[in-house]
Amino acid sequence: MIQHLYVHIPFCHRICPYCSFYKHQHGSTDMAGFVEAVLAEAKREQATRALDLRTVYLGGGTPTALSEKHMERLLSGLREIFDFSQVTEYTSEVNPRTITASKAAIMRSQGVSRISLGIQAWDEPTLKILGRDHAPADAEETYQLLRGAGFDSVSLDLMFSIPGQSLQTWKETVEKTISLQPDHISAYNLNYEEDTEFFQRLRKGQYQEDEGRDAEFFYLALDLLEASGYQHYEISNYAKPGFRSIHNESYWLGEEYLGLGPSAYSTAAGQRWQNIADTTRYMELIQAGQGTAQPGEELTEDRRRTERFGLELRTVRGLPADLVLPEQQRMMTTLESEGLLTLKNGHIILTREGKPLVDSIAVALMG
């Protein structure tokens, strides 16, 4: 039974040089046609799959790049198609300068209860490097607007180890964020993803990766946020009690989910598939009554085990210790003696020293 729904809105006013998600500017896209295509896909999926929705997540791209008219049509249409009566968390991503009081009111009236606001940084130079089109004042104004709109939870997204960003600048960003008292904070280490401008600059030697620097930034955020009452419940995520992201936790725990929209992934019945990452073609296929999914993959026992190491080890609950094969038990004991992990209630839990090394520890334990 699928309990989680993701809807991908691929539109952005500006393409950020670090982002690898499928996205593009509006161009000549028929926006009304796009919304109707997503709703047509929703009707098809609702008729063919067993659904018992508990979370809904609007991501992108920028969901709030939709006009008020198109947003209201999409949100009301989804509620008409799916049973939202058991939904306890309904999230939308928001970027500053794409939200108005009236848009916020529409979202709230349609049941959106949680906002993930992409701040990334609070200083002009870092925002410029990231290619963001908002100023710090815009971000704070947006945050206050969303608070005033009455959403149950507001999360702020930050990023560190950005080229040119100093440890002091990062400290000021974290402190500024804490002063606003959001319910949830995501603090992501910049990754250089293929098919991005940042990756090309890395290959040319214009940018450099530095694990030691990453760890410094990570620990600074960890110490400041935990001291301010935020629980570090996943490597990149912190929450006040009762404000974890239920939808994102479902991914980390390997639960089934349905994705709608161009490029969206779905996982169900031991299979994973992705919709075609081409908005125009996606709309054409929907209009022609054809499927939009590309050939998928079977989630074999080995594949699922690999994913569990990569995801569950990142969480506060940890990874079940019985997933470690006998031949890797010595490695687990070694890592424990080095103070990088601990065993509790049958789970492997990373220590403070082990958290920045989560990826390499996962590889070492997996064998």
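**Figure 1. The open sheet of strands E10, E11 and E12 in the predicted model.** The three strands are arranged in the order E10-E11-E12, with antiparallel pairing. Strand E10 (265–268) and strand E12 (297–298) form the edges, each pairing on one side only. Strand E11 (residues 271–274) is joined to E12 in the antiparallel sense over two bridges. Gln271 has Glu298 in E12 as its bridge partner.

**Figure 2. The salt bridge between Asp152 and Arg108.** The two side chains meet at 3.3 Å, N to O. Asp152 is located in the loop between helix H5 (136–148) and strand E5 (153–160), and Arg108 in helix H3 (residues 101–109), so the pair ties together parts that are 44 residues apart in sequence. Asp152 is partly exposed, its relative accessible area being 48%; Arg108 is also partly exposed, at 26%.

**Figure 3. The salt bridge between Glu45 and Arg49.** The closest N and O atoms of this pair are 2.5 Å apart. Glu45 is buried, with a relative accessible area of 7%, whereas Arg49 is partly exposed, with 31%.

**Figure 4. The salt bridge between Arg213 and Asp214.** The side chains meet at 3.9 Å, N to O. Arg213 is partly exposed at 22% relative accessibility, while Asp214 is buried, with a relative accessible area of 16%. Elsewhere, salt bridges that share partners link Glu41, Arg44, Glu45 and Arg49 into one network.

**Figure 5. A negative surface patch.** Glu209, Asp210, Glu211 and Glu216 make up the patch. Glu209 lies in the loop between helix H7 (197–203) and helix H8 (211–227). Glu209 is exposed, with a relative accessible area of 56%.

Conventions: Residues numbered from 1 in each chain as written. Predicted model: local features only at pLDDT ≥ 70, side-chain atom pairs only at ≥ 80, totals over all residues. Heavy atoms only, no water. Patch = residues over 30% accessible without salt bridge, like charges linked within 9 Å, V, L, I, M, F, W, Y side chains within 5 Å. Areas by Shrake-Rupley, 256 points an atom, 1.4 Å probe, with all protein chains shown as cover. Salt bridge = Lys/Arg side-chain N within 4 Å of Asp/Glu carboxyl O. Lys, Arg positive; Asp, Glu negative; His and termini not counted. Charge placed at Lys NZ, Arg CZ, Asp CG, Glu CD. Helix = DSSP H or I, 4+ residues; strand = E, 2+ residues; numbered from the N terminus. Buried < 20%, exposed > 50% of the residue type's maximum accessible area, 1.4 Å probe, protein only. Pairing = 2+ DSSP bridges.
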